[in-house]
Amino acid sequence: MTEPQTVGEMLARKGISRRALLRYAAWVTSIMALPSSMTRAMAQGIADTKRMSVIWLSCQECTACTESLTRSYSPTIDDLIFDFISLDYHEALQAAAGHQAEEARLKAMEDNKDNYVVIVDGSIPLGNMGYSTVAGHANADVLRETAEHALAVVAVGSCATWGGLPKADPNPTGAVSVSQIVRNTPIINISGCPPIPEAMTGTLAHVLAFGQIPELDHLGRPRAFFGNSIHDRCYRRPFYDKGLFAKSFDDEGARKGWCLYELGCKGPVTYNACATLKWNGGASWPVQTGHGCLGCSEPDFWDRGSFYKPLPASTEPLATPLAAGAVAGVAAGALASRAAKTRREILGAMSKPKDAADTTDKT
Amino acid sequence: MSLAPDKETTDGFIQAILAELATRLAELASTGIEAQIDLRSLPMDPPKRAALDAKLGKGDVTATIADRAGRTEVFETRYAGVWRLAHYDMHDTLLMEEIAIAPVPDILRADPTDMAEAAARLGAELALDTKKGHAND
């Protein structure tokens, strides 16, 4: 029996019908707020494409991003994404180890030049390259090498997107984000600590189906998931509008589900989809459990003062959000430097700069 | 039967949805252009949803699609060409609901690729049966 050439053929071989794929596409277009009329095109796009080679690099991370993607509520409709991609390298999940693992990464890069996707979790230490290495190679070197001929780099989690906890003051390892390392490849930032699994799978499905990066915000994040503040979509918002606030975690207001603003909720300055997609298969989310939003999807959230002081008292000026435009500026550069017509070029064209923020490559 | 709001559906939000439906349905009838409305993205509380469902009602076609990846319930409403769809995952968790304005919702149509594969499979089975028949002669 010949190997299936497309995702559609592979799904058919596994007994997953086109109708199931249409259902998946309907769900993805819905959570990404795409027009429903794109459902058919998304399903067809996924069915007609080859499985996308994915190389997952882990730097200074805690593995929660991987946990979020693979163990959120398994098996879910999200899991179909693993039928659409070929996860050719992931240190925590792959069976191979040592030189064999590194050979798998290099082979995936060679076999899928300009058409593979790199996912990165964790920040990259520049203070001392020895802080985080794989097979004796510094994270920064492996990332540069792997990203050079990638279709796109997806930075998942607040460590990869902004530097995260490793970058927290005094940043002992000199941690930086992906966008401060990768220069000539389009970058998609999916922040959060950890990021919402649907944000990761939906973005990958979009890239796979349409060969395009979804619309990004000024920080390089998909607008579909980061276009609204937690506050704007919070079910407790009506209490805020009425001036009804919990003053402590065990007072009458807290028991009645009033707004947690005065208990330090960072929802008004945090952009993420927790309030709509929720967590654990839609079971709940932090504010629903009675705790304010920590603002984990925003740059440098760890250094923004107490989690338990209301915003006016706790919000310090943010460090210059790195990459905003760099994310997109890099993509434009990628476009100019490529002569061949590849899907990667199409991707680059989709991620034009929103603004012109600059970043500094400390290497 | 009219899609214009009646006494039970005087809520402005429901009226807006019904007006959109009426426009899309007329467009479908005259041009064949299909449309969908994603109910998941609309902020409707249970009473509003109940009012919409009551207005649309149920027609005479109902279908269930069940496969390894989940389930979809489909029925035509009282208005020909207006369908309600509810998609569930393999744990029976509701993923999303939508209204399709179409002669037949996409998900009910057999896919050309699936039909081609089915034709090839049926042909192969027939050939095998014929071979077995000859062997038994």
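Trainee: Which elements of chain B do the buried residues of α2(B) pack against?

Mentor: Helices (H or I, at least four residues) and strands (E, at least two) are DSSP runs, numbered from the N terminus. In α2 (residues 46-56) of chain B, the buried residues are B:L52, B:K55 and B:L56; buried means 20 or more other C-beta atoms within 10 Å of a residue's own, exposed means 12 or fewer, partly exposed is in between, and C-beta atoms are placed from the backbone. Contact means C-beta atoms, placed in that way, within 7 Å. By that test, the buried residues pack against α1 (12-31) and β4 (82-88) of chain B.

Trainee: What kind of model is this?

Mentor: Residues count from 1 along each chain as its sequence is written, and chains are lettered from A, ligands numbered from 1, in the order in which they are written. Local features need pLDDT of at least 70, side-chain atom pairs count only at pLDDT 80 or more, and totals for chains, interfaces and linings use all residues, as this is a predicted model.

Trainee: Which residue just after α2(B) takes a positive phi?

Mentor: Check the backbone where the helix ends. Phi is about 60° there, and the residue is B:G57.

Trainee: Why does chain B count as more spread out than a compact globule?

Mentor: Chain B has three helices and five strands, and its C-alpha trace spans about 75 × 40 × 25 Å along its principal axes. The globule rule is 2.2 Å times the number of residues to the power 0.38, and the radius of gyration is taken over C-alpha atoms. For 137 residues the rule gives 14 Å, so chain B is more spread out, with a radius of gyration of 21 Å.

Trainee: How far apart are the C-alpha centres of the two domains of chain B?

Mentor: Domain bounds come from an automatic or database domain assignment. For chain B it gives domain 1 (7-104) and domain 2 (108-137). Their C-alpha centres lie apart by 37 Å.

Trainee: How many residues are in the largest nonpolar core?

Mentor: A nonpolar core is a set of buried Ala, Val, Leu, Ile, Met, Phe, Trp, Tyr and Cys residues joined through C-beta atoms within 7 Å. Those with the most contacts inside the largest one include A:I46, A:L143 and A:V153. α2(A) gives the most to this core, with nine residues.

Trainee: Is A:Y24 buried or exposed?

Mentor: A:Y24 sits in helix α2 of chain A. It has 29 C-beta neighbours inside 10 Å, so A:Y24 counts as buried.

Trainee: What is omega for the peptide bond that joins A:C193 and A:P194?

Mentor: A:P194 is in the loop between β9 (187-190) and α10 (197-210) of chain A. Most peptide bonds are trans. The bond from A:C193 to A:P194 is cis, with omega about 0°.

Trainee: What is phi for A:D114?

Mentor: A:D114 lies in the loop between α6 (98-111) and β3 (116-121) of chain A. With 17 other C-beta atoms within 10 Å, A:D114 is partly exposed. A:D114 is not a glycine, yet phi is positive, about 70°.

Terms used. Two residues are in contact if their C-beta atoms, placed from the backbone, lie within 7 Å.
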